[in-house]
Each structure stands twice: as C-alpha cells, then as structure tokens.
Amino acid sequence: MALQNYAGACHCGALRFTVDLDLDQTISCNCSICRKRGLILAFAKVDRFHLNAAQGATQEYLFNKRAIRHQFCRVCGVEAFSFGAMPDGTPMVAVNARCLDNVDPTALKPTLYDGASH
Ligand SMILES: [Zn+2]
C-alpha cells in the first residue's frame, strides 16, 4: 500500500491532526510504555504530519534515554503521537494508529518489535 492521508485525534478532540501513512507498515512494541499504552505505531516524516491544536494542549513525557518525546493530551490523557528519529537521525512522528478516524485497529497487522530488549 502507498501513503494515504488520514485524520486523527485524541479522545476529547483537543488534538487533531492529519498525516500521510502507509498502514501496511505498523509496529507493536513491547517496551515499558508501548505495552502499557497499547500503542500501534505508524511512522511519518515530520513534514507529512500536521497538528491542529491550541498552544499548550500537549504534555510531553520523557523517560529512559529520552530519545522519544511522547506527547499526550492535557485534557483526556490519550497519547496520539510522539516525536522521535530514525537510526540515521531523520526526524519522525510515530502516530498511534488507534487514534486514526475510520481505521479499524483490529484490521491492522503490526510487526512485533522487541523494544524491551533495545
Ligand atoms: Zn484530548
């Protein structure tokens, strides 16, 4: 599948975004945060991601090596996306595919990623 444009949001709608994603390329990770949040991640280059939110609507959460800047909604607490980088340094957005409009998360076939060992 090629890139397609999707819209998504946190639960309360304070954070809305549009993003170009290939949903054939998702991952499910077993690291300490992904397993608790139940994230199914799809990655986009930052210029393919457009956030529509009031200033201060997001709260950042950093842990471990602080390589990934987890963003969650100050109102409803949902983590709809986070910021990080590919191994070569290219900045990326990791979108929570469960937050996309009109996408059935159970239809996705995420690749398991052993983040707990990395
Ligand atoms: Zn919210």
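Of the 118 residues of the chain, 35% count as buried (under 20% relative accessible area, with exposed over 50% and partly exposed in between; 1.4 Å probe, protein chains only). The model is predicted, so local features need pLDDT of at least 70 and side-chain atom pairs pLDDT 80 or more, while totals for chains, interfaces and linings use all residues. Residues are numbered from 1 along each chain as its sequence is written, and side-chain values use heavy atoms, without hydrogens or water.

The chain has a radius of gyration of 13 Å, which agrees with the value near 13 Å for a compact globule of 118 residues (taken over C-alpha atoms; rule, 2.2 Å times the number of residues to the power 0.38). Its C-alpha trace spans about 35 × 35 × 25 Å along the principal axes.

The chain contains 1 helix and 10 strands (DSSP runs: H or I, at least four residues; E, at least two). From the N terminus, the order is β-β-β-α-β-β-β-β-β-β-β.

A zinc ion is coordinated by the SG atoms of Cys 10, Cys 12, Cys 73 and Cys 76, at 2.3 to 2.4 Å. Donors are N, O and S atoms within 2.8 Å of the metal (3.2 Å for Na, K and Ca). Their spacing along the chain is C-x1-C-x60-C-x2-C. The 4 donor atoms subtend angles of 106 to 116°, which makes the arrangement tetrahedral (four donors, all angles between 85 and 135 degrees). Cys 10 is buried, at 6% relative accessible area. Cys 12 is partly exposed, at 38%.

Conventions:
Four donors count as tetrahedral if all angles lie between 85 and 135 degrees; four count as square planar and six as octahedral if opposite donors are over 155 degrees apart and all others between 65 and 115; anything else is irregular.
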